[in-house]
Amino acid sequence: MKWVNLWNVGKFLLLFIFSQLAAILLLIVGSFIYSRVAQIDPFFQMRSLEMMAWVPFLGSFLIIGHILFWRSFDLKVLRISELKQKPFFYTFLLAMLAVVWITVLNDCLQPEDYLAEYFSEALKSPIGILAIVLLGPIAEEFIFRGGIQRCLQEQTQKPYLSIAISATLFGLIHGNPAQILGAGLIGTCLGWVYYCTHNLWYPIFFHMINNFIATIDIVRDGELTNYILAGGTFISLGIGLLSLLLSLLLMNKMKG
């Protein structure tokens, strides 16, 4: 693979990273300006985990704005006129089933969750909910499916390799052990949905459904997770594997 092709892929990762750094900078500047007006300690604002909800909100806003303004990829993949009801139905079922087997997998592996407190506080803010459920999925699908996966697929003509690489990067970029594997597997589903439908709205819809369910679970102190795992680890593992099989069958059905 030529260096220029690697750059075409890497620029989307750089856009994601720089947008988050720019969002942090904007939050710091905004906090100091607000502290001057309100005459309060600026570090009190920045230490607030709820205030940190502005980082993914601003970062996602910057990504979406950049891609729409600069046309970083062919926006024909966003044609609303080409949307069909059946793929939306399969996508919804995939998203629901994915919640089950990712929940079971995390329970079996029990990875460290360094961001649990952050999400609990961030979701107390409407900005946090908007960022995680709406803007975040749109921005991330622009980057990882519309950008990275599409570039790789056009360059290599190997869709499965393109899906695997974009999904791996999607998992790693989360950084939190409790999210890396789950996000990687979700990224695989998202990549497959995009490959089957050739329309970015379907993985965006999948991503929103997944994040919405996760948000509801966090807000309600893990009630959904406890319900899924209520029968015990082994029973839940069986249910998780069954839902994974159904997920694969549905994905194959959508491709057909």
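Is F18 buried or exposed? In this predicted model, F18 is exposed, because its relative accessible area is 54% and the cut-off for that class is over 50%.

F18 belongs to helix α1, which runs over residues 3-38.

Of its 21 residues, 15 are buried, so α8 is largely enclosed by the rest of the structure. Its length can also be checked, because at 1.5 Å a residue the helix should span 30 Å, and its end C-alpha atoms are 31 Å apart, which agrees. After α8 comes H198, a residue whose phi is positive, near 60°.

Aromatic rings form a further theme, for the structure holds twelve aromatic pairs. One of them is formed by F88 and Y202, whose ring centres lie 4.7 Å from each other with 50° between the planes, an arrangement that counts as tilted. This pair links distant parts of the chain, since F88 sits in helix α4 (residues 85-109) and Y202 in helix α9 (residues 201-219), 114 residues apart. F88 counts as partly exposed, at 23% relative accessibility, whereas Y202 is buried, with a relative accessible area of 2%.

Another pair is made by F144 and F170, and because their planes stand at 70° with the ring centres 5.3 Å apart, the pair is edge-to-face. Here too distant parts of the chain are linked: F144 lies in helix α6 (residues 126-156) and F170 in helix α7 (residues 159-172), 26 residues apart. F144 and F170 also belong, with F16, to one aromatic cluster.

| Residue | Relative accessible area | Class |
|---|---|---|
| F88 | 23% | partly exposed |
| Y202 | 2% | buried |
| F144 | 0% | buried |
| F170 | 2% | buried |

Note on methods. Residues are numbered from 1 along each chain as its sequence is written. This is a predicted model: local features need pLDDT of at least 70, side-chain atom pairs count only at pLDDT 80 or more; totals for chains, interfaces and linings use all residues. Side-chain values use heavy atoms; hydrogens and water are left out. Helices (H or I, at least four residues) and strands (E, at least two) are DSSP runs, numbered from the N terminus. Buried means under 20% relative accessible area, exposed over 50%, partly exposed in between (1.4 Å probe, protein chains only). The expected span of a helix is 1.5 Å times one less than its number of residues. Rings of Phe, Tyr and Trp (its six-membered ring) pair if their centres lie within 6.5 Å; planes under 30 degrees apart count as stacked, over 60 as edge-to-face and the rest as tilted.
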